[in-house]
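Here is a briefing on one protein model. Look over the sequence and the fold first, then read the points by topic.

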Amino acid sequence: MINSRKNYLNAKRFSADLALEHIIPHNVCFYLIPPIVDLTIDEFEKLALERLKMLRLLEQVTAKNPKVSSEAWREAVLAEVNHEGLRTYAKLSRGNVNDDVSKAARRRDYLSHFILRFAYCRSEELRRWFVAREMELFKLKFGALSMRDVKDFLEVYELDYKPLSDEEKLEISEHLCASTYNHSRLQVETHDFYAVHFTEVLNLVRDRKCFLKGGTAYITPEHFAHVIGKKHQQLIEDGLKGHLRLLPSLEIDERFSMLLKSIHTSYTGKNYTVAKTGCVPIESLDQLSKKSFALCMRNVHDTLRATHHLKHVGRMQYTLFLKAIGVTMEDALRFWREELTRGKVPIEKFEKEYAYTIRHNYGKEGSRINYSPFSCMKVITTPIGPGETHGCPFKNHDSSTLKMKLTGYGLSAIDADEVAAYAAKGHYQIACGKYFEVVHETKLEEGINHPNQYFELSQLTMEGKERPKQGHGAANQSARWNHSQSNSQSTQESSLNLLAGDSSTLNGVEDDLELWEIMESKDKETTAETTICKVTAPGMLSEKISPNQTKQTQEWEDDDFDMLEFNE
């Protein structure tokens, strides 16, 4: 069928790059021969992530536009490709051109495909995802070919298909017009038609969307793309099986092993800072959960992955958190559908009940309230029953269970003891702050008051960006988390007024009285220190120290109170 052996023998006569150019003479290609080229680790990773970004883009556009026409889908994809700056795939989606830019794009496309084969061959689930995305990419590229380009493609890969001649088409033109769906007579006369055996297009025969005569089906170029696509799909599936057999020898090198295992969960978007400017793909949640999720959210995430089930409050707590960090509603629906249907939830029940709740949490159903994510106080004070995993692990776990979980997450025994000691005394948020410091190996300058604040701080810390000071920026931070219009106040009285307005967040706040006493005593100590400085050093020393001490007091108050408000 295909000139793989001949091209391979010819390719051996040339250098690596020339050989690669020889075996991919067309923008649309069958990935037949593994390339023989030298790549650095950086090039290897960049090519893999570039293609992964393209495949995820295809998945997202398809999920958002499941029932649109092929042309509308293509326009939506190309708009996203141009927006994301994926020049390689933009070039390959504009028909077949033999210029230097196209040849460079073909090279990146060919190499990246074989790299991802190694990453996606290791499980049936990964193989299914990869094949589906590759077929969407094939559809995008093949759909851009002119009739001349299609003929060139068939010649290059020695496929025994030819368009009908004018005489053959004229002979059955009436039948083609009557049986071809959504095609005018002019289109029938100007477009190529292909004759294939009816077993290759059984779906068209079943739906009566083609002309059938003597066991031969006459199909349009659009349907012909599906015929070629099936061959392409079979080649990819066979190739993945071959790569799976080669995988053990490749994974001897730990650099490749770690890279290939982490590719599917790699984040391919912009460097994440805050949710309002970023979009977090669900494929990166496993990776993010290890460092950027507070313990309450990591516990829920790990439980969901292990059991494929969460009770109602746990689902709500986690869904609202995901929404706030930048997971879109479409991705959230896909994430929950994939997880829950792996457990005991039938797909019909999910679509009827669970999907509605997720859309409701995103403000798209019912009263259309855009619900705020749970704050620390909400997480701490929400009751937890048997079999439920939401809530605050620092409060709900006994000391030994908590230490075991912390050491399992990589904390040393000494650090786990220190964190558990705070939790045993009821200082749950202080314990969470200490957990953050240990995991990120840094000193935390502010208290943890919200799981999404924890996530943002983690991302900023890992990016090496300095957290804006609370004193002047408290109103902006409050607006970022609360989406409220009120300005942050600098006095404890105004903060207490805000607390009084958030009864849902502060239900059962008396459970953590000792924590509040520590906060109040710190305020008093800071005020006392400021007064001493003013008395003992009334001159320049007072001017230097007093403003700093006052700023610390202001930061503590804002942290304690403004960050607890998350109702709109």
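Helix H13 gives the lining of the largest pocket its largest share, 10 residues. Helices here are DSSP runs (H or I, at least four residues), strands are runs of E of at least two, and both are numbered from the N terminus. The model is predicted: local features need pLDDT of at least 70, side-chain atom pairs count only at pLDDT 80 or more, and totals for chains, interfaces and linings use all residues. Residues are numbered from 1 along each chain as its sequence is written, and side-chain values use heavy atoms, with hydrogens and water left out.

**Overall fold**

- The protein has 29 helices and 3 strands.
- Of its 568 residues, 47% are buried. Buried means under 20% relative accessible area, exposed means over 50%, and partly exposed lies in between (1.4 Å probe, protein chains only).
- Take the contacts between residues at least 6 apart in sequence: 69% of them join residues at least 24 apart. A contact means heavy atoms within 4.5 Å.

**The largest pocket**

- Rolling a probe the size of a water molecule over the atoms shows where empty space is left.
- The search uses a 1 Å grid over the protein atoms alone. A pocket is an open set of points with protein on both sides within 12 Å along at least five of seven lines, while a cavity is a set where a 1.4 Å probe fits but cannot get out. Lining residues have an atom within 4 Å of a point.
- The largest pocket holds about 1300 Å³ of space. Grid points are joined across faces, edges and corners, and a volume is the space filled by probe spheres set on the points.
- Its lining has 41 residues, and Ser70, Pro221, Glu222, His223 and Ala225 lie nearest the centre.
- Helices H4 (70–84), H7 (124–142), H8 (147–156), H12 (202–206) and H13 (221–250) each supply at least two lining residues.
- By class, this lining has 17 nonpolar, 14 polar and 10 charged residues. Ala, Val, Leu, Ile, Met, Phe, Trp, Tyr, Cys and Pro count as nonpolar, Asp, Glu, Lys and Arg as charged, and the others, Gly among them, as polar.

**The largest cavity and the cysteine site**

- The whole structure contains 5 cavities of 30 Å³ or more. The largest cavity has a volume of about 90 Å³.
- The largest cavity is lined by 13 residues, with Cys296, Cys376, Cys392, Phe394 and Cys432 nearest its centre. Helices H16 (295–307), H20 (376–381), H21 (393–396) and H24 (428–440) give two or more residues each.
- That lining has 12 nonpolar residues, 1 polar residue and no charged residues.
- An unreviewed UniProt entry annotates Cys296, Cys376, Cys392 and Cys432 as "binding site". They span 137 residues in sequence, yet no two of their C-alpha atoms are more than 9.8 Å apart, so they gather at one spot. Cys296, Cys376, Cys392 and Cys432 from this set belong to the lining of the largest cavity.
- UniProt positions are given in the numbering used here, feature names are shortened, and annotations may be inferred rather than shown by experiment.
- Cys376 sits in helix H20 and is buried at 9% relative accessibility. Not counting residues up to four places away in sequence, Cys376 touches Gln429, Ile448, Asn449, His450 and Pro451.
- Cys392 lies in the loop between H20 and H21 and is buried at 8%. Beyond four places in sequence, Cys392 touches Cys296, Val379, Ile380 and Tyr428.

- Helix H18 (residues 329–340) has 12 residues. 9 of the 12 are buried, so H18 is largely enclosed by the rest of the structure. Among the buried residues are Asp331, Arg334 and Glu339.
- Leu406 is in helix H22 (residues 399–408) and is buried, at 0% relative accessible area.
- Leaving aside neighbours within four places in sequence, Leu406 contacts Leu295, Leu411, Ala416, Val419 and Tyr435.

**Positive phi**

- Most residues other than glycine have a negative phi.
- His308 has a positive phi of about 60°. His308 is in the loop between H16 and helix H17 (312–325) and is buried at 19%.
- Arg368 also has a positive phi, near 60°. Arg368 is in the loop between helix H19 (347–361) and H20 and is exposed at 55%.

Methods:
Expected span 1.5 Å × (residues − 1).
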